[in-house]
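Morning, everyone. Please bring up the structure on your screens.

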Amino acid sequence: MFTVSQRVALVQAGMAPLAVLIGGGLADWTRGFSAGYGVLVALTVSGVLVWRERQSRQHPEWDQKRLLAQFIRTAIERVVVLVSLLALGFGVLHLRPLPLLLGLIAAQLAWLVVALNRRAK
């Protein structure tokens with residue numbers, strides 16, 4: 001059985017090629033790749049969360065203080081990864097900002113879709 005964050009990561013992984021194809025078809029391939037990069041940024045940030053969740057499940061002996069510290073560290077890691085990848089996309093790769101951010105936002109909406117889908121069951 002998949003956790004919520006694992007399901008979100010799966011949805012985001014499926015969205016990446018779709019973002020490239022839709023963006024490339026509607027505009028041009030530069031914008032399509034920018035949108036795909038935005039989805040991959042969100043997927044990477046979700047991957048950090050999945051990794052840390054798996055790590056905490058492997059240590060049932062951790063107390064609440066240790067789990068809170070892990071939660072805070074995970075939040076900081078996710079922000080650092082997000083900012084670093086956005087800086088790489090904007091600064092080094094010179095990707096289009098609007099499609100990149102739209103891809104990132106669309107991939108983040110996967111959290112809402114998965115949560116609503118879970119409530120409907």
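This is a predicted model: local features need pLDDT of at least 70, side-chain atom pairs count only at pLDDT 80 or more; totals for chains, interfaces and linings use all residues.

Gln-70 sits in helix H3, which covers residues 64-92. Is Gln-70 buried or exposed? Gln-70 has a relative accessibility of 4%. Buried means under 20%, so Gln-70 counts as buried.

Next, a pair of helices. Two packed helices are described by the distance between their axes and the angle between them. Take helix H1, residues 4-26, and helix H2, residues 29-57. Their axes come within 8 Å. They cross at roughly 170°. Over 145 degrees counts as roughly antiparallel, so H1 is roughly antiparallel to H2. What is the make-up of the contact of H1 with H2? The residues there divide into 17 nonpolar, eight polar and three charged.

Now zoom out. The protein chain has four helices and zero strands. Read from the N terminus, the order of elements is α-α-α-α. The C-alpha atoms fill a box of roughly 50 × 35 × 15 Å along the principal axes.

Of the 121 residues, 31% are buried. Among contacts with a separation of 6 or more, 73% link residues 24 or more positions apart. And the chain exposes about 7700 Å², with carbon and sulfur atoms supplying 71% of that area.

Methods: Residues are numbered from 1 along each chain as its sequence is written. Side-chain values use heavy atoms; hydrogens and water are left out. Helices (H or I, at least four residues) and strands (E, at least two) are DSSP runs, numbered from the N terminus. Buried means under 20% relative accessible area, exposed over 50%, partly exposed in between (1.4 Å probe, protein chains only). Axes are lines fitted to C-alpha atoms, for helices over the stretch in contact, and angles run from 0 to 180 degrees between N-to-C directions. Angles under 35 degrees count as roughly parallel, over 145 as roughly antiparallel, 65 to 115 as roughly perpendicular and the rest as oblique. Ala, Val, Leu, Ile, Met, Phe, Trp, Tyr, Cys and Pro count as nonpolar, Asp, Glu, Lys and Arg as charged, and the others, Gly among them, as polar. Contact means heavy atoms within 4.5 Å. Accessible areas come from the Shrake-Rupley method with a 1.4 Å probe; for residues, only the protein chains shown count as cover.
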